Amino acid sequence: LVADFAWIKAISVSTRLSQPADGLALIAWCRFVGDLDPQFVWAYMMGGLLGAVTVGTETYNAQEAAALLATGMERVPGDHRLPVYLAFNQLHLQGDAGAAGRTLMAGSRIPNAPPFMAALATRLLTQSDDFDSALDFARTLATEGDPGERAFFERRALEIVRDRAVAEVQAAVDRYRAQRGTLPATVLQLSFEGFLPEVPS
């Protein structure tokens, strides 16, 4: 009965979200509902999605909303929607592609999770320069994943190796330019002058 009352209160608060304090109030009510009824997934989703309030160009309460979604993931581990919403928060509201990639990587392990989650996880991990995690995950899926998707992740692993090589060359170019005030003539020059350990294949 108390959980139902709190849920009605949360719905009421959700209809008038215009200031950051309104979003925090919604998150608090939804957290209270979740504490009373830990399996009530809608509380985590509503507070996690609507609790982050944008005023002008600023978004507030993104971390609090993310924390509520993370709690929902712990309490309702079989719902693949929660990691998708949390990853959206981490990427678009907090600007953390690595955290979003790790969230999707974990979420992709949930039975019946949409196939896009694993592929997007490798993209976001690569975007955040976490090439090792992306490569390990892609290689695991290429050998142990769904048979219909193994060829995709074999190609994806090769793309990650390529992306890492490009990032290493770009970083070497940046160091060269910072020290010499000009661009190197070739990648071989970067290696010869010690800015790059070896020329990538």
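Leu-104 has a relative accessibility of 3% and therefore counts as buried, where buried means under 20% relative accessible area, exposed means over 50%, and partly exposed lies in between (1.4 Å probe, protein chains only). The residue sits in helix H6, and helices here are DSSP runs of H or I with at least four residues, while strands are runs of E with at least two, both numbered from the N terminus. Between Leu-104 and Ala-62 there are 42 residues of sequence separation, and their C-alpha atoms lie 18 Å apart in space. Everything described here belongs to a predicted model, in which local features need pLDDT of at least 70 and side-chain atom pairs count only at pLDDT 80 or more, whereas totals for chains, interfaces and linings use all residues. Residues are numbered from 1 along each chain as its sequence is written, and side-chain values use heavy atoms, with hydrogens and water left out.

Although Val-53 and Phe-40 are 13 residues apart along the chain, their C-alpha atoms are separated by 23 Å.

With a relative accessible area of 10%, Asn-61 is buried. Asn-112 also carries a positive phi, near 65°, in a residue other than glycine, and belongs to the loop between helix H6 (97–107) and H7. Is Asn-112 buried or exposed? Its relative accessibility is 74%, so Asn-112 counts as exposed.

The next topic is charge. Side chains of opposite charge can pair when their charged atoms come close. A search of the whole structure finds 7 salt bridges, each being a side-chain nitrogen of Lys or Arg within 4 Å of a carboxyl oxygen of Asp or Glu. One of them joins the side chains of Arg-81 and Asp-79, at 2.5 Å from N to O. In this pair Arg-81 is partly exposed at 29% relative accessibility, while Asp-79 is buried, with a relative accessible area of 12%.

Another salt bridge brings together the side chains of Arg-123 and Glu-159, at 3.3 Å from N to O. Because Arg-123 lies in helix H7 (residues 116–127) and Glu-159 in helix H9 (residues 150–180), the pair ties together parts that are 36 residues apart in sequence. Both partners are partly exposed, Arg-123 at 40% relative accessibility and Glu-159 at 25%.

The side chains of Glu-193 and Arg-180 also meet in a salt bridge, at 2.2 Å from N to O. This pair links distant parts of the chain, since Glu-193 is in the segment after helix H10 (187–192) and Arg-180 is in helix H9, 13 residues apart. Glu-193 counts as partly exposed at 32% relative accessibility, as does Arg-180 at 43%. Salt bridges that share partners also join Arg-123, Arg-156 and Glu-159 into one network.

On the surface, Val-2, Phe-32 and Leu-36 form a nonpolar patch with about 250 Å² of accessible area together. Such patches are made of residues with over 30% relative accessible area and no salt bridge, where like charges are joined within 9 Å and nonpolar side chains (Val, Leu, Ile, Met, Phe, Trp, Tyr) within 5 Å; accessible areas come from the Shrake-Rupley method with a 1.4 Å probe, and for residues only the protein chains shown count as cover.
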